[in-house]
Every structure is written in structure tokens, then in C-alpha cells.
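Let us walk through this structure step by step. Keep the sequence and the 3D view side by side as you read.

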Amino acid sequence: MISRATPLKRVLEISSPCNKCGHCCKFNSGLIIEEDIDRIAEHLKMDKDLFILTYLEETEMFHTKAFKLKTEFKKDKPYGECVFFSPAEGCKIHDVKPLFCQTSNCFAYSQDLISWFYLNYLVNPDDAESVRQYASYIESGGRIIPGGQLHELVPDSERLKKILEYEEL
Ligand code: SF4
């Protein structure tokens with residue numbers, strides 16, 4: 001079972017049976033966290049700033065700034081392929097792909113793996129707005145893994161109440 005506290009090493013073992021079908025890469029792209037940037041830029045022998053400018057777009061999830069790989073939108077379609085996806089080769093940066101992509105798969109546990117990533121890299125219990133956005137994610141049917149209940153994120157029930165009632169901004 002995957003919980004918020006499951007170590008990265010174990011998560012990578014669970015997510016490893018990726019058969020490189022490219023399904024997820026054809027319709028969206030991976031999130032990028034800071035630690036991915038140097039590794040991928042170095043692999044591509046690119047200056048970090050140029051890599052960011054060329055391949056990344058800023059995004060925000062759970063009130064946390066992050067990057068996303070650019071997508072190449074298809075004509076008349078609301079989705080596009082990841083800029084590093086090739087129909088012939090699959091992921092062109094497979095050996096150094098973002099942690100989000102490494103810890104994702106489309107088999108068993110896929111939703112748990114995504115929740116694990118959100119909880120460990122994007123949801124910030126010290127940021128009231130981040131907690132509120134996570135609460136909305138749960139309310140809209142987002143997967144809750146052990147350790148990911150609101151009272152587990154914010155054990156102080158008074159503070160949690162203030163956050164949810166916008167008394168803590
Ligand atoms: S970086 Fe690779 S694995 Fe991740 S979305 Fe792009 S093509 Fe897919």
C-alpha cells in the first residue's frame with residue numbers, strides 16, 4: 001500500500017513497470033520540480049535558463065509554483081503531446097525523465113502514485129491556501145492515500161478549522 005510516507009525508493013519500484021506505450025505522453029506532459037531541471041538540462045547539454053525557456057512553462061498546483069513540459073497541441077484538439085514524446089522513439093529523455101514521470105504509470109496504483117507525488121512535492125501543510133486547494137481536490141473525488149487525510153496533514157484541529165473557514169489566509 002502506498003502512503004504519504006512511502007519512501008521514494010519504494011515508490012520507484014512500484015511505478016517501474018512502465019512499458020513505454022506513450023499513452024500518457026500523447027495527451028499531456030509531465031510536471032517538473034526544481035531537482036529535475038539541472039539533470040535534464042545537463043543531459044541535453046543546455047544552459048539551465050535556455051532549457052527552461054525552450055521546454056518549460058510555469059504552472060501552479062496546490063498554490064505551489066512548478067513547471068510543466070510544453071505540449072505540442074494538435075490542430076483542433078484541446079490536448080497535445082509532450083514536447084519530448086516521439087511516436088517512433090517514445091520518451092526522448094527516458095533515462096533522465098522528470099520524477100513525476102518516473103513515479104507514474106498507467107497500471108495498478110496509478111492514482112495512488114499521483115496522490116503520493118502531490119502530497120510529497122506540491123501540497124504544503126504550512127500554506128493555508130495550499131491546504132484549501134487540496135481540500136477541494138479531495139471534495140472533487142481526488143484520491144486519498146493513507147497520511148493524506150486533512151487531519152493528518154494539519155493535526156491541529158483548530159488551525160485546520162481556521163484554514164477551511166478562511167480565518168487563516
Ligand atoms: S518527459 Fe517523457 S515520460 Fe514524461 S511526459 Fe514527456 S515524453 Fe512522457
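This is a predicted model: local features need pLDDT of at least 70, side-chain atom pairs count only at pLDDT 80 or more; totals for chains, interfaces and linings use all residues.

Next, turn to the nonpolar core. In soluble globular proteins, nonpolar side chains tend to be buried together. The largest nonpolar core here has 28 residues. Which of them touch the most other members? They are Phe62, Phe117, Tyr118, Leu122, Val123, Tyr134 and Leu150. Several elements give two or more residues to this core: helix 1 (8-15), helix 5 (99-102), helix 6 (110-122), helix 7 (128-139), helix 8 (150-153) and helix 9 (157-164).

Now look at the backbone. Most residues other than glycine have a negative phi. His63 has a positive phi of about 60 degrees, although it is not a glycine. Find His63 in the loop between strand 2 (56-61) and strand 3 (64-69). Its relative accessible area is 37%, so His63 is partly exposed. Tyr166 also is not a glycine, and its phi is positive, at about 60 degrees. Tyr166 lies in the segment after helix 9. Is Tyr166 buried or exposed? Its relative accessible area is 53%, and exposed means over 50%, so Tyr166 counts as exposed.

His94 sits in the loop between strand 7 (90-91) and helix 5. With a relative accessible area of 29%, His94 is partly exposed. How far apart are His94 and Ile144 in space? From C-alpha to C-alpha, the distance is 29 Å, and the two are 50 residues apart in sequence.

Finish in helix 9, which holds Lys161. At 45% relative accessibility, Lys161 is partly exposed. Lys161 and Ala135 are 26 residues apart along the chain, and 12 Å separates their C-alpha atoms.

Notes
Residues are numbered from 1 along each chain as its sequence is written. Side-chain values use heavy atoms; hydrogens and water are left out. A nonpolar core is a set of buried Ala, Val, Leu, Ile, Met, Phe, Trp, Tyr and Cys residues joined through side-chain atoms within 4.5 Å. Buried means under 20% relative accessible area, exposed over 50%, partly exposed in between (1.4 Å probe, protein chains only). Helices (H or I, at least four residues) and strands (E, at least two) are DSSP runs, numbered from the N terminus.
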